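Biologist: I would like to learn how to read a model of this kind with some care. Could we go through it feature by feature?

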Amino acid sequence: VLTRPFLGIPKERLIATCRDAGLAFAADPSNDDPRFARPRLRRAAAALAREGLTEARLVRLASRLARDDDALSAQARRRLDAARRPGGYDAAALLTEPPAIVDRALALVFAEI
């Protein structure tokens, strides 16, 4: 929010406010260039909203996914620490965990290497 304080304000409103106040603003042509994913996704937003995937729902989903990712990563760290043995890890103990935990534990091991 500190580096992008206007991110939550619709672009049209920002432009109208600048015009009404006589403030100059820059228009980045890449914002309308379909070669980039961001403008393509912006165009798809209305169709997604009609299907129930509103901006608010997508934000809530992203928040939940981030929370779940943090929890899974923390559990993977705990299981990896518990499986640590002199010279390595007890792989059999790790492989009893659900795949989401195993994947994260392996990523932690690779990061250590």
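Predicted model: local features only at pLDDT ≥ 70, side-chain atom pairs only at ≥ 80, totals over all residues.

Biologist: How many salt bridges does a search of the whole structure find?

Modeller: Side chains of opposite charge can pair when their charged atoms come close. The criterion for a salt bridge is a side-chain nitrogen of Lys or Arg within 4 Å of a carboxyl oxygen of Asp or Glu, and the search of the whole structure returns nine of them. One of these joins Arg67 to Asp68, with 3.2 Å between the closest N and O atoms.

Biologist: Which class of accessibility does Arg67 fall into, and which does Asp68?

Modeller: The classes rest on relative accessible area, where buried means under 20%, exposed means over 50%, and partly exposed lies in between (1.4 Å probe, protein chains only). Arg67 counts as exposed because its relative accessibility is 53%, whereas Asp68, at 34%, counts as partly exposed.

Biologist: Where do Asp81 and Arg77 lie?

Modeller: Helices are DSSP runs (H or I, at least four residues), numbered from the N terminus. Asp81 and Arg77 are both in helix H3, which covers residues 55-83, and they are four residues apart, or about one turn of the helix. Their side chains meet in a salt bridge with an N to O distance of 3.2 Å. Asp81 is partly exposed at 39% relative accessibility, and Arg77 is likewise partly exposed, at 28%.

Biologist: What does the salt bridge between Arg79 and Glu97 look like?

Modeller: The side chains of Arg79 and Glu97 meet at 2.8 Å, N to O. This pair links distant parts of the chain, 18 residues apart, with Arg79 in helix H3 and Glu97 in the loop between helix H4 (91-94) and helix H5 (99-112). Arg79 is partly exposed, with a relative accessible area of 27%, while Glu97 is buried, at 19%. Elsewhere, salt bridges that share partners join Arg77, Asp81, Arg84 and Glu112 into one network.

Biologist: Which residues make the nonpolar surface patch?

Modeller: Patches are made of residues with over 30% relative accessible area and no salt bridge, and nonpolar side chains (Val, Leu, Ile, Met, Phe, Trp, Tyr) are joined within 5 Å, like charges within 9 Å. Here Leu48, Leu53, Leu58, Leu61 and Leu65 make a nonpolar patch of about 410 Å², to which H3 gives the most, with three residues. Leu58 belongs to helix H3 and is partly exposed at 36% relative accessibility.

Biologist: How much space lies in the largest pocket?

Modeller: Rolling a probe the size of a water molecule over the atoms shows where empty space is left. On a 1 Å grid over the protein atoms alone, where a 1.4 Å probe fits, a pocket is an open set of points with protein on both sides within 12 Å along at least five of seven lines, and lining residues have an atom within 4 Å of a point. The largest pocket holds about 1500 Å³ of space. Its lining has 33 residues, of which Leu7, Ile9, Pro10, Lys11 and Arg42 lie nearest the centre. Helix H1 (11-21), helix H2 (37-50) and H3 are the elements that give two or more residues to this lining, and the largest share, eight residues, comes from H2.

Biologist: How far apart are the C-alpha atoms of Arg64 and Phe110?

Modeller: They are separated by 26 Å, for 46 residues along the chain. Ala91 and Leu106, 15 residues apart in sequence, are 10.0 Å apart in space, C-alpha to C-alpha.

Technical notes. Residues numbered from 1 in each chain as written. Heavy atoms only, no water. Areas by Shrake-Rupley, 256 points an atom, 1.4 Å probe, with all protein chains shown as cover. Points joined across faces, edges and corners; volume = space filled by probe spheres on them.
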